[in-house]
Every structure is written in C-alpha cells, then in structure tokens.
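Hi,

Here's the structure I promised to pass on. Have a look at it first, and then read on for what turned up.

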Amino acid sequence: MSPDRHAEDGRGTEPEAAASGPADAPPLVVVGVSHRNAPVAVREALAIPKDEIGQALARFQREGSLSEVMILSTCNRVEVYASGGAAEADKISSLLRAMASARGPVVPMLDTLAGHAAVRHAFRVAAGLESMVLGEPQILGQLKEAYQAAEAAGTLGGVLSTLRQRSLSSAKRVRTETGIGRHAVSVSHVAVELARKIFASLEGRRVLIVGAGKMSRLAALRLVREGGRATVLGRTFARTEELAHALGGRAAGLEDLRAELGQADIVITSTGAPGLVVHRADVEAAVAGRRGRPLFLIDIAVPRDVDPEVRSLSNVFLYDLDDLRTVSDANMRERQREAAAATTMVEEEIAAFVAGQRSRRAVPLLVALRERGEEIRKAELEKVRRKMGALTPEQERALEAATAAIVNKLLHGPTMCLKEMARDGQSDRQVTLVRRVLGLA
C-alpha cells in the first residue's frame, strides 16, 4: 500500500503540503479512504459499525487530543473529519491504522485533505458529487446521522457545526435547483421509473416476481413502496415465502405462472434458469384476457427468462438488462450534465463558508480590543470619581455615556479595519502586528 497522501489544495502531494499552504486556510482536516482510492478490503478493515461510532469518537477525542471530530463510515467511504491541521491529521492517521490492524492484516492507504481542500471535499461529498453513483441521495442521510452521532458524543464544536449547517444546506440547494438526482441510474430505480411512465400511478398495481434474485428483490421493494401488491413465484418454497413476507404479498409455485401473468400488471423475472421461463405462448394467453390492459415485463436474468419475441405483442412492454443499462447510461449522462451546475453552486457555498470562517478569526482580536478599551475607560472613571467625590445619578449617567461614546468612536476605525482584513484573509504576521500596534501583544 502507498503511504498517506496529504494535500492542502489537492491530492497526492508530499506530506509537508498539509502543514503549509494559505495562512487563512479553514482549520479542517479530512483523513480516510473511499471507493476512489481504496479497494473494498481496505474499506472493510477501516469500517466502523454504527453501534461503535460513539466509542470511536471518544477514542479519537481522548487519544488524538481532538477538540472536534466526526466519523463518516459507509460502504463506499470511511472518513474522519476534525478541526485542526497537519498535527491532528497525523494523529487521526495513526489511530485509523491502529484500529484497522486490530481487525486484520490490512495496512490501509489514507488520503489526507486539509484547509480549503478539506472544505471542498466535505461540500462535494454532501452534494453527492463524490459518490460512486453520481448524485445519489443516500449520502445526505448518512452524513446527517454522522453529525448527529458526533453531537451526541460531545465531539461537535464550532467548526464542524458550521460545516454541517452550510454543507447540508448546500446539498439541499443542489437537489432543489438541479436535476442531478432526478434521473434513475440503478437497475431497480430504472425499472420503477419505466413502470411509472407506463402506468402513471403504481398504486394498487399487481407486481409478479418470478425468482428471488437480488436485483428483482430491490425493484420489487421499490414498486411495493409506491403502492404495488406483490406475488412471488419460485421453485424453492422457503425462499419464495421469505421474499413474499418481506414484500407483504403472497407466494405461489411456478406452475401458476400463466394464470398469474393474466392478473399481473408488472412482471419482474430473475430465476437463474438455464433457458426461457416465460414463453411467447404464456404471454399470448395472458394478453387474451386482459382487454387491452398493458403488461410490463422486466427481465433481469442472465440467461434471459423471457422470450424476446413477446415484444411484438400488442400492449406488451419488455425490457431486459441491456435495455435497462441503456436507459441507465443515458440518465447518467444527464446527471453528469447537471453536475456542472451543481459544482458551480457548491463552489459558491464553499466561498461563503470560507468567508464566514475568515470573519470569525477576527472575533478574538475584536473582543480583546473592546475589553482593553473598557478597561481603560473604567480606570479613568475611577480616577474622576476619586477626585470629584460623590456624583449625582444624572452626573454618573452623563459621564458613563460620554466615556462610552469616546471609546466607541475610537474603536470604530480599528474594528472596521480588522473585519476587512478578516474578509481578505489576514495572515498570522498581520495579526501579530495589529496586536502590537494596539497594545494587545
């Protein structure tokens, strides 16, 4: 395996790059792996079960001395998000390696992103731009759960809280204002999308599942969620019953195929049989008693279950795996076109987040300046009181108001200047100089 790859504004640079870079870089690091850079064996070694996330967060906080930390662990990525820089990233890497070695011999490669690159990655992940299936919506829910787990564990501070708010808001904007998630790309999603085009509404539609393959199960589950009623046919009674129960439907034997075809609206086949299961004669017999009702067949078996010749029958729609893949590929191209607009939106949101972080850097200095002004004002007021003796309430109010106004006017210029410096990205050297000039060093 390759060593950890560090980056300040990209991936694959030398380790020192994470420690250098723009002085105004947001204090954020992301360390981990994804489907882009690690095989499934590595992701398995690093994966943290949902019921162990709280313990892992506590360990990162305790052993890594991390003030803020969040863990995103899915089938396609395992990443640790934390407030900090290169030192924190190295601690995270060491802990991740130790945790992986306890599960097996795999020594994982790790990507490390810091500063602006880490922020950009966090926003792109939330928007589905870094997913294996471009624009898939599941990652948004997984991220919400990850942030909630960190909040429950007490490891969510100011930086990660703001990142959560802005990145999830950005992702919602992408989904609302672009079509990146609008076009189905998985086989099961495509099957449901096509069924919806044929029938408009799936409520009450009869769904016949022939065989109990994984993809037919997924497609059937989606159809049932939209109101379909399921019947499962199969050779193995136990598997047929199990799937029928999961779908809230009923089970029957393959000998009932022709009769069930006559009642069905949507048929999904995935038997694994060596030859045809649904013949032209079966479909012709079903069509004869349907009075023009359309029959939609989805054949996702290899070898195919349904005789291709049924395509020539009236009101019969047959899609096999190649047909579904063609639709899926076309939809993916649509998503890729939408991704350009999504990327532009994400970059706008990133800029707003970074600007907000810059402004926050001025807060401690502004607080110190205000406290110093108040300290001088109150000291001078005490001198006046000792010299003049007791003052009437009206005199006290007048003196307080006058001195407060003087301080506010004196601090207005420096305050505006500090805020402008923060927006422009002040350097540590500038901050030090300002502190010395203002007597705050």
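A quick definition to start: pLDDT is the predictor's confidence in each residue, from 0 to 100. The chain averages a pLDDT of 83, and 85% of its residues reach 70 or more. Strand β1 (residues 5-7) has the lowest confidence, with a mean of 52, while strand β3 (residues 69-73) has the highest, at 96. Go carefully with residues 8-23, where pLDDT stays under 50.

Some housekeeping: this is a predicted model, so local features need pLDDT of at least 70 and side-chain atom pairs count only at pLDDT 80 or more, whereas totals for chains, interfaces and linings use all residues. Residues are numbered from 1 along each chain as its sequence is written, and side-chain values use heavy atoms, with hydrogens and water left out. Helices (H or I, at least four residues) and strands (E, at least two) are DSSP runs, numbered from the N terminus.

Now for helix α3 (residues 86-101). Its 16 residues reach 23 Å from first C-alpha to last, close to the 22 Å expected at 1.5 Å a residue (that expected span is 1.5 Å times one less than the number of residues). Buried residues in α3 include Ile-92, Leu-95, Leu-96 and Met-99; buried means under 20% relative accessible area, exposed over 50%, and partly exposed in between (1.4 Å probe, protein chains only). The buried residues of α3 pack against β2 (28-34), α1 (40-46), α2 (53-63), β4 (77-83) and β5 (111-114).

Strand β5 is covered on both faces: Asp-111 and Leu-113 are buried on one side, Thr-112 and Ala-114 on the other. β5 runs antiparallel to β2, joined by 4 bridges (strands pair if DSSP finds at least two bridges between them). Across from Asp-111 in β5 stands Gly-32.

What about aromatic pairs? There are 2, counting rings of Phe, Tyr and Trp (its six-membered ring) with centres within 6.5 Å; planes under 30 degrees apart are stacked, over 60 edge-to-face, and the rest tilted. Phe-296 and Tyr-319 form an edge-to-face pair, 5.7 Å centre to centre with 85° between the planes. Phe-296 sits in strand β10 (residues 295-299) and Tyr-319 in strand β11 (residues 316-320), 23 residues apart. Phe-296 is buried at 0% relative accessible area, but Tyr-319 is partly exposed at 23%.

Lastly, Thr-403 is in helix α14 (residues 393-424), and counts as buried because its relative accessibility is 17%. Thr-403 touches Arg-377 and Leu-381, leaving aside residues up to four places away in sequence (contact means heavy atoms within 4.5 Å).

Cheers
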